[in-house]
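Me: Please present the pockets of this protein model, with the criteria behind each value.

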Amino acid sequence: MAQWGQLGFQDGASPMMEQLIFFHDHALLVLLLITTLVGYLTASFMLSSLTSRYILEQQTIETIWTILPAIILVFLALPSLRLLYLLDEVGMSCLLTIKATGNQWYWGYEYSDFKGMEFDSYMLPEDTLEAGQYRLLEVDRRMVVPTKTDVRMLITSNDVIHSWAVPSLGVKVDAIPGRLNQTSFMATNEGVFYGQCSEICGTNHSFMPITIEAINVDDFSQWVMLTTQEN
């Protein structure tokens, strides 16, 4: 999760988030090189009293500084488009399907692959938090997923527009009434990942957190059996 004063991204917990962080660093390096070059040229022209008619009026230099930015944009656009298509692609290899429904103001989860396995997830009040739990992020029932498994998320809403977002997993999808959006992710390691509704959905918009707990497949099977018996 994010730390106080953190400027960068959270650590990537899914392959897509790792790719997003890599593209961010790639684009930032390109921007740094451009800024350095432009700053150097600007300073040199301002501090130097020498002029050259071949630089002031020259078709070759104008052609270069027109083509060069176009090439740079291609190097930025190609990985960006690749990531956009990968984020939108939901493969056939998903082994688990979970439906997330936004309500005012809590999330409901339904495990479509298991009969009668659904529950609501409410934020824990501040006076009930235990040591090590985070304010405005902890819930009474976490969404549990197995690690190293493709998970398909079906996301909708019962009332207004919400947004199901978990930054460390690289997932952010709008929950729209009457519409079923889908995405997928895979948690690469065990842990607890936090998110919040990223759409201004009403007065309690900031009080409907998302908490995902990733555990190994064996523990997940036991959790499914216990949850099914409780329901």
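The questions below concern the pockets and the elements that line them.

This is a predicted model in which local features need pLDDT of at least 70 and side-chain atom pairs count only at pLDDT 80 or more, while totals for chains, interfaces and linings use all residues. Residues are numbered from 1 along each chain as its sequence is written, and side-chain values use heavy atoms, with hydrogens and water left out.

Me: How much space lies in the largest pocket?
Reply: A pocket is an open set of points on a 1 Å grid over the protein atoms alone, where a 1.4 Å probe fits, with protein on both sides within 12 Å along at least five of seven lines. Grid points are joined across faces, edges and corners, and the volume is the space filled by probe spheres set on the points. For the largest pocket this space is about 590 Å³.

Me: Which element gives the largest share of the lining of the largest pocket?
Reply: Lining residues have an atom within 4 Å of a point, and 26 of them line this pocket, with Met16, Leu86, Leu87, Thr183 and Ser184 nearest its centre. Two or more residues come from each of α1 (15-47), α3 (59-88), β7 (171-175) and β8 (181-185); helices (H or I, at least four residues) and strands (E, at least two) are DSSP runs, numbered from the N terminus. The largest share, five residues, is that of β8.

Me: Which strand pairs with β8 over five bridges?
Reply: Two strands pair if DSSP finds at least two bridges between them. Gln182 in β8 is the bridge partner of Leu154. The pairing is antiparallel, and the partner strand, residues 151-157, is β5.

Me: How many nonpolar residues are in the lining of the second largest pocket?
Reply: This pocket holds about 320 Å³ of space, and α1 and α3 each give two or more residues to its lining. Its 12 lining residues include Leu37, Val38, Leu41, Trp65 and Leu68, which lie nearest the centre. Ala, Val, Leu, Ile, Met, Phe, Trp, Tyr, Cys and Pro count as nonpolar, Asp, Glu, Lys and Arg as charged, and the others, Gly among them, as polar. With no polar and no charged residues, the nonpolar count is 12.
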